[in-house]
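The account is intended to be read beside the sequence and the coordinates.

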Amino acid sequence: MKMYAYRDLSPLDDDWDGWKISKGKLITPDGWPLTPDRIIMGNALIEIGAAEELRFQREVLRTARMIKKLP
């Protein structure tokens, strides 16, 4: 039952502000549900990514955050 209960991770550290655990998934502050497989895949992509790809990823994230703030 505890695995499916809403868990706020902000007491762990300020970096976890807005992160939650719900129904066995890690929920980002933006509301994206992450499963263990997705976290591992994302980390693997970062590990093999070249510097140019990392710059592109940062631009995409920056743009996505700006779009999210639009009314």
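The lining of the second largest pocket comprises 5 nonpolar, 1 polar and 3 charged residues. The structure is a predicted model, and every value below is computed from it.

## The second largest pocket

This pocket has a volume of about 220 Å³. Its lining consists of Trp-19, Thr-28, Pro-29, Asp-30, Trp-32, Leu-61, Ala-64, Arg-65 and Lys-68.

Thr-28, one of these lining residues, lies in the loop between strand E3 (25-27) and strand E4. Is Thr-28 buried or exposed? Its relative accessible area is 8%, under the 20% cut-off, and Thr-28 is therefore buried. When residues up to four places away in sequence are left out, Thr-28 touches Gly-18, Trp-19 and Leu-34.

## The largest pocket

The largest pocket has a volume of about 600 Å³. Of the 18 residues that line it, Trp-32, Gly-42, Asn-43, Ile-46 and Leu-61 are the closest to its centre.

By class, the lining of the largest pocket contains 12 nonpolar, 4 polar and 2 charged residues. Strand E4 (33-34), helix H1 (36-48) and helix H2 (51-69) each contribute at least two residues to this lining. Which element gives the most to the lining of the largest pocket? It is H1, with 7 residues.

Helix H1 has 13 residues and spans 19 Å from its first C-alpha to its last, close to the 18 Å expected at 1.5 Å a residue. The helix is hardly covered, as the count of buried residues among its 13 residues is 0.

Ile-46 is located in helix H1 and belongs to the residues closest to the centre of the largest pocket. With a relative accessible area of 46%, Ile-46 falls between the 20% and 50% cut-offs and therefore counts as partly exposed. Not counting residues up to four places away in sequence, Ile-46 touches Leu-54 and Gln-57. The C-alpha atoms of Ile-46 and Gln-57 are 9.4 Å apart in space, and the two residues are 11 residues apart in sequence.

## Chain organisation

The protein chain has 2 helices and 4 strands. From the N terminus on, these elements run in the order β-β-β-β-α-α. Of the 71 residues of the chain, 8% count as buried; Thr-28 is one of the buried residues. Among the contacts with a separation of 6 or more, residues 24 or more positions apart account for 5%.

## The aromatic pair

A pair of aromatic rings is described by the distance of the centres and the angle of the planes. How many aromatic pairs does the count come to? The count comes to 1 aromatic pair. The rings of Trp-16 and Trp-19 have their centres 5.4 Å apart and their planes at 80 degrees; the angle is over 60 degrees, so the pair is edge-to-face. Trp-16 is partly exposed at 33% relative accessibility, and Trp-19 is partly exposed at 21%.

Lys-20 and Ile-21 are placed in strand E2, as given for Lys-20 and for Ile-21. Lys-20 counts as partly exposed at 27% relative accessibility, and Ile-21 is partly exposed with a relative accessible area of 31%. For each of these residues, the table gives a C-alpha separation from a residue at another position in the chain.

| Residue pair | Separation along the chain | C-alpha separation |
|---|---|---|
| Lys-20 and Asp-8 | 12 residues | 4.6 Å |
| Ile-21 and Leu-9 | 12 residues | 7.5 Å |

Lys-23 is found in the loop between strand E2 (20-22) and E3. Lys-23 has a positive phi of about 50 degrees although it is not a glycine. Its relative accessibility is 59%, over the 50% cut-off, so Lys-23 counts as exposed.

Terms used. Residues numbered from 1 in each chain as written. Predicted model: local features only at pLDDT ≥ 70, side-chain atom pairs only at ≥ 80, totals over all residues. Heavy atoms only, no water. 1 Å grid on protein atoms, 1.4 Å probe; cavity = no way out; pocket = protein on both sides within 12 Å on 5 of 7 lines; lining within 4 Å. Points joined across faces, edges and corners; volume = space filled by probe spheres on them. Nonpolar A, V, L, I, M, F, W, Y, C, P; charged D, E, K, R; others polar. Expected span 1.5 Å × (residues − 1). Buried < 20%, exposed > 50% of the residue type's maximum accessible area, 1.4 Å probe, protein only. Contact = heavy atoms within 4.5 Å. Phe/Tyr/Trp six-rings, centres within 6.5 Å; stacked < 30°, edge-to-face > 60°.
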